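Student: Please give a close look at a single part of this structure. I would like its place in the chain, its surroundings and then its setting in the whole protein.

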Amino acid sequence: EPTQDIPTAVSSDEVAPESFSQYIGLNYPPSPAGLSQEFSMLIQNSDLYSLSLVNDGANKMLWLSKATQYDTNGSPNWEVKDVLELSDLEAGLVLIPDGCLLNGAPDPEIIIVGKDETVLLAWRANTALDMFEVIPTNGIECRSDKGWNLQ
């Protein structure tokens, strides 16, 4: 089931609205009509997992996907493993999907939402469990020039 968008407590068993769970298990490309990808990237140190910021016109979500097979040209086909709903976050926040450190050590699975260099929300794209996990923000520092405005 998809992961909750805005955590009120550190928990990994909260789920997103039912409308976002429809994407779990989706194989792409092609993406369903009405969806657009704002960015997609491989998770550092993994050639099997990617993060994609997807917009359906009204909602933004982050997909954790796994490469399932490759076509004859070597391009991957992906399966959505988990969905992080980001639509309800306030304007002016920035999503940083890589370049974060946990207690001074690089951690390529950490994703944060922040503002003015302050980490407000954090998740782990846990590739061992194929899911997003809400994690505490203390000890996280991000040094990335990649950030996407969530307006």
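Tutor: S50 lies in strand 3, which covers residues 49-55; strands here are DSSP runs of E with at least two residues, helices are runs of H or I with at least four, and both are numbered from the N terminus. The model is predicted, with local features requiring pLDDT of at least 70 and side-chain atom pairs pLDDT 80 or more, whereas totals for chains, interfaces and linings use all residues. Residues are numbered from 1 along each chain as its sequence is written, and side-chain values use heavy atoms, without hydrogens or water.

S50 counts as buried because its relative accessible area is 1%, buried being under 20%, exposed over 50% and partly exposed in between, for a 1.4 Å probe and protein chains only. Leaving aside residues up to four places away in sequence, S50 touches Y28, the run S40, M41, L42 and I43, then W63, L64 and S65, and finally W78; a contact means heavy atoms within 4.5 Å.

The setting of S50 can now be described. Among contacts between residues at least 6 apart in sequence, 49% join residues at least 24 apart. The accessible surface of the protein comes to about 7700 Å², with 46% belonging to carbon and sulfur atoms; such areas come from the Shrake-Rupley method with a 1.4 Å probe, and for residues only the protein chains shown count as cover.
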